[in-house]
Amino acid sequence: MALVSSPVPPALRAKRRREAARTLAFLSPWLIGFGVFFLYPLVSTAYFSFMHYDGFRAPTFSGLRNWEYVLTTYPSFWTGLGNTLWLVVVMVGLRVVFGLGIGMLITKVKSGAGFFRTAFYLPYLAPPVAATMAFAFLLNPGTGPVNHLLGELGLPQPGWFNDPAWSKPALTLLAVWGIGDLMVIFMAALLDVPKEQYEAAQLDGASAFQRFRYVTLPNISPIVMFAVVTGVIQTMQYYTQAIVAGKVASGVIGGSGQQFEPGYPSGSTWTLPQMVYNLAFHQSDYGSACVVAVVLFALSMAFTSLLLRRRSGFLAED
């Protein structure tokens, strides 16, 4: 015998409508922000990637021509993609390792922890342009004090920002110098690990590495994941430090009439965000710029999804 569902009383329907309206009212600031600042730009970018648009005349449909031009004809796309992926893998990895290591060291300091915490955090507060210019001066291959000190010690003197083989390591060194944000996050997570677990592991004869592997890492794994994911997203948008370092190293620091080759030296600091800016505002090719922007978004989503799905592959099990 089939069951006949009883009709919903009008009072209950009205109550559900009021609850839904109240929920939407509380969600409305987020929904409006999501739609205006994320969904609309994303859809517009994908739309314009199939259009020929120079910013002045009305856009016209061009099919896959923009994609074909960027992926097969534009000479610097694969160079920029390779540099960006290099920075994502190396820079993010070293920042997480050094941030966690410094955080662990400071939590072990018996006295002066406040001084060291402040000293390591202050570089993070330096403006990116000023910090990059200072590093370009310090690492200047001819007059910089770093190479002078290396020469006094009888060590090799790299070209740093003037050498294609050393420009990305120099940018990575700059990023590791400003490690204060991750250090503070990791310190908060490390101080929250229950001391009883360390004591129990020590009584069981666990070594320092085993305590880190089986006690520390499982407790802070969500924070490590947060640091890696946000680091990947930020590095995918890496622009300011690379462009400033290239300009300072090449001698182009502003002023009219000066010519600058983006990615100096020899395209080694050329990244996808620079390509977006160059295509859109230097060449007035907004369609091709949107193609690169879509590729950046797809790569960020792919990296994030892979990290979240493969979390147990490089972090301890929960």
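In the predicted model, Pro265 is placed in the loop between helix 11 (240–250) and helix 12 (272–282). The peptide bond that joins Tyr264 to Pro265 is cis, with omega at about 5 degrees. Most peptide bonds are trans, and most residues other than glycine have a negative phi. Trp160, a residue other than glycine, has a positive phi near 50 degrees. Trp160 belongs to the loop between helix 6 (145–152) and helix 7 (167–177), and with a relative accessibility of 9% it counts as buried. Ser284 likewise is not a glycine and has a positive phi, near 55 degrees. The loop between helix 12 and helix 13 contains Ser284, which is partly exposed at a relative accessible area of 28%.

The protein chain contains 14 helices and two strands. Its radius of gyration is 26 Å, well over the 20 Å that the globule rule gives for 318 residues, so the chain is more spread out than a compact globule. Along the principal axes, the C-alpha atoms occupy a box of roughly 95 × 75 × 30 Å. Of the 318 residues in the chain, 35% are buried. Among contacts with a separation of 6 or more, 67% are made by residues 24 or more positions apart.

An unreviewed UniProt entry places the feature "transmembrane region" at residues 23–43, 85–107, 119–139, 170–191, 212–233 and 286–308. Two of these spans were examined in the model.

Helix 8 covers residues 180–191. At 1.5 Å a residue, its twelve residues should span 16 Å, and the end C-alpha atoms are 16 Å apart, which agrees. The buried residues of this helix are Gly180, Asp181, Leu182, Met183, Phe186, Met187, Ala189 and Leu190. The cover over them includes helix 3 (77–108), helix 4 (113–125) and helix 10 (208–236). Leu182, found in helix 8, has a relative accessibility of 7% and so counts as buried, the cut-off being under 20%. When neighbours within four places in sequence are left aside, Leu182 is in contact with Arg95, Val96, Gly99 and Ala227. Ser288 lies 106 residues from Leu182 along the chain, and the C-alpha atoms of Leu182 and Ser288 are separated by 35 Å.

A pair of aromatic rings is described by the distance of the centres and the angle of the planes. The structure holds 16 aromatic pairs. One of them, formed by Tyr53 and Tyr286, is tilted, at 5.6 Å centre to centre and 45 degrees between the planes. Tyr53 lies in the loop between strand 1 (51–52) and strand 2 (60–61), whereas Tyr286 lies in helix 13 (residues 286–309), so the pair ties together parts that are 233 residues apart in sequence. Tyr53 has a relative accessible area of 23% and is partly exposed; Tyr286, with a relative accessibility of 25%, also counts as partly exposed. In the pair formed by Tyr69 and Tyr74, the ring centres are 5.7 Å apart and the planes stand at 65 degrees; planes over 60 degrees apart count as edge-to-face, so this pair is edge-to-face. Tyr69 counts as partly exposed at 27% relative accessibility, while Tyr74 is buried, with a relative accessible area of 7%.

Ring pairs also build a cluster, in which Tyr47, Phe48, Tyr53, Tyr239, Tyr277, Phe281 and Tyr286 are linked. Tyr53 and Tyr286, the tilted pair, are thus both members of this cluster.

Charged side chains also sit over aromatic rings. Lys168 lies over the face of Trp86, at 5.7 Å from the ring centre. The charged end of Arg213 is placed over the ring of Tyr214, 5.2 Å from the centre of that ring.

Notes. Residues are numbered from 1 along each chain as its sequence is written. This is a predicted model: local features need pLDDT of at least 70, side-chain atom pairs count only at pLDDT 80 or more; totals for chains, interfaces and linings use all residues. Side-chain values use heavy atoms; hydrogens and water are left out. UniProt positions are given in the numbering used here, feature names are shortened, and annotations may be inferred rather than shown by experiment. Rings of Phe, Tyr and Trp (its six-membered ring) pair if their centres lie within 6.5 Å; planes under 30 degrees apart count as stacked, over 60 as edge-to-face and the rest as tilted. Helices (H or I, at least four residues) and strands (E, at least two) are DSSP runs, numbered from the N terminus. Buried means under 20% relative accessible area, exposed over 50%, partly exposed in between (1.4 Å probe, protein chains only). A charge sits over a ring if NZ of Lys or CZ of Arg is within 6 Å of the ring centre and within 35 degrees of the ring normal. The expected span of a helix is 1.5 Å times one less than its number of residues. Contact means heavy atoms within 4.5 Å. The radius of gyration is taken over C-alpha atoms; the globule rule is 2.2 Å times the number of residues to the power 0.38.
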